[in-house]
Amino acid sequence: MNRKLFSFVFLFIFSFCVRAQEAKYEVSSIPDSLKTNANAVLRLSELTIDILSQRKMVIKTKRVVTVLNEAGMSALDAYAHYDKSTSISSIQARIVDATGNELKKFKRKDFKDHSAVDGGTIFSDNRVLYLEYTPINYPFTMVFECETETSTTAFIPQWFPLPDYLLSVEKSVLNVTFPNNLGFKKKENNFSNKNIQKTLDTATQLSYTATNLVAMKPEDYSPYFYDILPRVIMGLESFHLEGVDGNAKTWEDFGKWYSSKILSGTIDLPPTTVSKIKELVGTEQDPVKKAKIVYEFVQQKVRYISIQVGIGGWKPMLASDVDRLGYGDCKALTNYTQALLKAVDVPSYYTILYGDRKRINIDADFVSMQGNHIILTIPVGNQYTWLECTSQTTPFGYQADFTDDRDVLIIKPEGGQIVHTKIYSANENSQLSKGSYTIASNGDFLGQIQIVSQGTQYGDKEQVERLQPDQKEKHYKEFWDDINNLKIDKITFENNKKEIRFVENAKLSATKYGTFTADKMMVTVNAFNRISSGVKRIRNRKTPFEIARGFYDEDEITIHLPLDFAIEFIPPAFESKTKFGTYTILLVKKEDHTLIYKRVLLVNTGKYTNKEYDDYRLFMEKVSQNDNTKIVLTKTL
């Protein structure tokens, strides 16, 4: 055989073998156990992190996802971010059908390139490559591969072997290499009862493999998935961020470095702005009152551009640029507010945290770059006041429920410190309702109600004021959806930002609220604040459950009944006291045709085991049953 023929045969056989060995990912090969409760199956996830030095890290990702139905499309994650410190070396994807036959290939040019944030050219360096794919049929499989290189080593990607609910995992692998002089560290969370093995752990290497992780169903009242699903967090004691080397073993060290290297030189303001804010503050000496003036100034002057911390960099935009442009992200607006406060001699601290309706703590036991949001902390004696600087409507010092009740990191010149933000008690999260309604002889309803909301319930309500008229009507018809044929006659609001209290005054009417059987009329007593359905039954619940934020509702309603009907039946008083809360109702006959209805529901904040869920469900079932009790009226001659 001549040399050329031999080479040709060799290459043919080699390429044939490579293709033969390449996994086809047929859907039929997925075990039934991994299809149960799954919208998608992660066939293979390989996360390879090579930390080459304090200033260089290469991240390689391979994800093979079989999407079983439309709801599983969110599991694809076919995107990559890049900016001035992070480049995308390669990115590609291919689609295979249910039998493993290739349908389509995507190269880098097929990925859409878009700004990571809209609304300002200042963020044009922060971009994302992402793939838009509309499948012809389900199931299908996407093989996505990406490699990025970054100089930022302060933030190492976390490994989630089971990254989401309703997603099962055939195999997930983490491989990390690192120099032995950078202080590499790791922390494992929620590994118990999971098929996860640590396959390598040396002075320069770390590897894990997870196999056959079945999909988890989301269960009502579950804690945040960070507290349930397995993950590995990693960090370096010697790292690089925003062009600056850092070294920190403690939060104190970290805070000193962040203050002197990342925040330094960002708070200078134009002299005209300094003069203006000093003029607004005038002779006021109280630091809290001065801070309120500054906060209101910021709310009126600038607008918020949404961009997550870590995507848009970590160093805030210059305060002078925010002042000139009139917008910024959470870092920029917090830094701008801090600069203004400094101009009027009010101390404040840049504060890093996880902003979310679910409470997520900065991990106090793991010194590393964490968080996704920035707020401002003002020391007031031995207490702190926290300012959400991204909102143009939030009252001064109000936190619920995006940044409340969690560990955060405040950055002081003398060092970082972990502190806990305000906890809103169940009693503070109050809704006090007082009103009346009249039932006509034909069952028609005419009522008026005043609702005063505070705490987290203030946050739930105050946004209604800014809705368009048709949206307001839709909101209240959904809020009072137990009242058939409802007509909103009048709604007025009082938003008391000083006392953080929101007041709704409503006048409403409805036809046929009372229902008839022969000469009897039945009227559901609780017209305004009814829990119509109980808590969902979950058989064999797997996860613990959490009442993230308790609340307190108190109602007092005067009921006027038609004169040509007599009261035949009044529901008896009821009281239930449990570890989850208390519930009482009382119906008092004031006159022959006038009743006073009193109701109190207190639900406690708390964390409970999965075994206690059924007890909570039964408690709320009693609430629902009694909220829907009726009085019976009989027609008189």
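**Figure 1. Crossing of helix 4 and helix 5 in the predicted model.** The axes of the two helices come within 9 Å and cross at roughly 130°. Helix 4 and helix 5 are therefore oblique to each other. The crossing in which helix 4 passes helix 5 is right-handed.

**Figure 2. Residues in the contact between helix 4 and helix 5.** Helix 4 contributes Lys 276, Ile 277, Leu 280 and Val 281. From helix 5, the contact is made by Lys 290, Ile 293, Val 294 and Phe 297. Sorted by class, this contact has six nonpolar and two charged residues, with no polar ones.

**Figure 3. The buried side of helix 4.** Helix 4 spans residues 271-281, and Thr 273, Ile 277 and Val 281 are buried in it. These residues lie on the same side of helix 4 because they cover an arc of only 70° around the axis. In general, an α-helix has 3.6 residues a turn, so residues three or four places apart point the same way. The buried residues of helix 4 pack against helix 5 (287-301), and also against helix 6 (319-325) and helix 7 (330-343).

**Figure 4. The exposed side of helix 4 and the residue that follows the helix.** Just after helix 4 comes Gly 282, which takes a positive phi of about 60°.

Methods
Residues numbered from 1 in each chain as written. Predicted model: local features only at pLDDT ≥ 70, side-chain atom pairs only at ≥ 80, totals over all residues. Heavy atoms only, no water. Buried < 20%, exposed > 50% of the residue type's maximum accessible area, 1.4 Å probe, protein only. Helix = DSSP H or I, 4+ residues; strand = E, 2+ residues; numbered from the N terminus. Arc of directions from axis to C-beta. Contact = heavy atoms within 4.5 Å. Axes fitted to C-alpha atoms, helices over the stretch in contact; angles between N-to-C directions. Parallel < 35°, antiparallel > 145°, perpendicular 65-115°, else oblique. Left-handed = near helix turned anticlockwise from the far one by under 90°. Nonpolar A, V, L, I, M, F, W, Y, C, P; charged D, E, K, R; others polar.
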